Amino acid sequence: MQVSSPPTPSVPAILLPLPDPNVPEGVCPRRTRQEIDLLLLAIEALDLLGAEAILAAAQELDLKSVIPNRVVLWKLRATNPLRRNSQRRPLSLTEGKALVVITCHLARRLTVRVRQLLFAHEQYVEKEVTPEQYIGGLANYLERFRAHFRSRMNPKRSAVVVYNSDEKLNELALSLLSQLLFCTGTAGNQRLWSSLFDGEVV
């Protein structure tokens with residue numbers, strides 16, 4: 001008697017242009033998981049409704065088969081090893097691609113705001129104004145990012161201890177803004193996806 005195997009889940013069409021890198025065990029490496037989650041954290045610091053926007057984007061981009069609800073989204077983001085409630089489950093390449101496509105989709109929506117904040121930062125640097133003296137949108141973004149990071153990351157992790165000051169967290173928040181801008185251009189999905197595996201491919 002022939003036994004039929006279960007159907008293979010189909011990959012959402014929007015993920016097909018992203019290649020499968022040759023990585024150990026065919027799952028997203030530690031650094032990849034960490035960077036994706038931090039970029040989403042930056043989006044949440046930019047947009048007060050960022051968490052809801054991530055779920056809405058999953059639906060808009062027809063990624064509900066990968067991220068059907070809030071619980072699954074939390075589990076995927078909790079594969080970031082820096083999190084307080086980090087999950088030991090792997091992040092599959094398909095799941096990683098879905099989060100990258102959502103990140104780029106939301107970054108494009110926030111392009112104007114990201115550019116404004118980076119421009120404001122350049123102006124402050126030119127005038128030798130320190131981050132403690134920043135006001136307005138950039139100050140609000142940095143404050144929210146620091147709060148999100150400290151509430152969600154495990155302070156006992158050595159990689160988190162590195163960010164034990166406002167200065168270090170501000171630097172991280174600003175570098176993530178630049179990364180988000182990097183996602184907004186042509187082929188942003190492919191560019192971000194490839195960058196997450198620099199030095200990781202075997």
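## Salt bridges, a pocket and a core

Arg31 and Glu35 lie four residues apart in helix H1 (residues 30–46), so about one helical turn separates them. Helices here are DSSP runs of H or I with at least four residues, numbered from the N terminus. The model you are looking at is predicted, so local features need pLDDT of at least 70 and side-chain atom pairs count only at pLDDT 80 or more, while totals for chains, interfaces and linings use all residues. Residues are numbered from 1 along each chain as its sequence is written, and side-chain values use heavy atoms, with hydrogens and water left out.

Let us stay with that first pair. The side chains of Arg31 and Glu35 form a salt bridge, 2.7 Å from N to O; the term calls for a side-chain nitrogen of Lys or Arg within 4 Å of a carboxyl oxygen of Asp or Glu. Arg31 is partly exposed, at a relative accessible area of 25%. In this scheme buried means under 20% relative accessible area, exposed means over 50%, and partly exposed is in between (1.4 Å probe, protein chains only).

By the salt-bridge rule, the count comes to 11. Another of these bridges pairs Arg89 with Glu95, whose closest N and O atoms are 2.9 Å apart. Here Arg89 is partly exposed at 30%, whereas Glu95 is buried at 14%.

Next comes Arg150, which bridges to Asp166 with 2.6 Å between the closest N and O atoms. This pair ties together distant parts of the chain, 16 residues apart: Arg150 belongs to helix H6 (residues 136–152) and Asp166 to helix H8 (residues 166–183). Both ends are partly exposed, with Arg150 at 38% and Asp166 at 34%. Elsewhere, salt bridges with shared partners join Asp37, Glu44, Arg77, Arg83 and Arg152 into one network.

Now for the largest pocket. Its lining includes Glu44, Arg77, Arg83 and Arg152, along with Trp74 and Leu73. A pocket is an open set of points on a 1 Å grid over the protein atoms alone, where a 1.4 Å probe fits, with protein on both sides within 12 Å along at least five of seven lines; lining residues have an atom within 4 Å of a point. The space in this pocket is about 160 Å³. Helix H2 (50–60) and helix H3 (70–77) are the elements that give two or more residues to the lining, and H3 gives the most, with four. The lining divides into five nonpolar residues, no polar ones and five charged ones.

Turn next to the largest nonpolar core, which has 61 residues. Such a core is a set of buried Ala, Val, Leu, Ile, Met, Phe, Trp, Tyr and Cys residues joined through side-chain atoms within 4.5 Å. Ile67, Ile102, Tyr141, Phe145 and Phe149 have the most contacts inside it. Elements giving two or more residues to the core include H1, H6, H8 and helix H4 (93–109). Leaving aside neighbours within four places in sequence, Phe149 is in contact (heavy atoms within 4.5 Å) with Leu38, Leu41, Val160, Tyr163, Leu169 and Leu172.

Finally, visit Ala78, in the loop between H3 and H4. Ala78 is buried, with a relative accessible area of 1%. Beyond its neighbours within four places in sequence, Ala78 is in contact with Arg83, Asn85, Ser86 and Gln87.

Methods. Grid points are joined across faces, edges and corners, and a volume is the space filled by probe spheres set on the points. Ala, Val, Leu, Ile, Met, Phe, Trp, Tyr, Cys and Pro count as nonpolar, Asp, Glu, Lys and Arg as charged, and the others, Gly among them, as polar.
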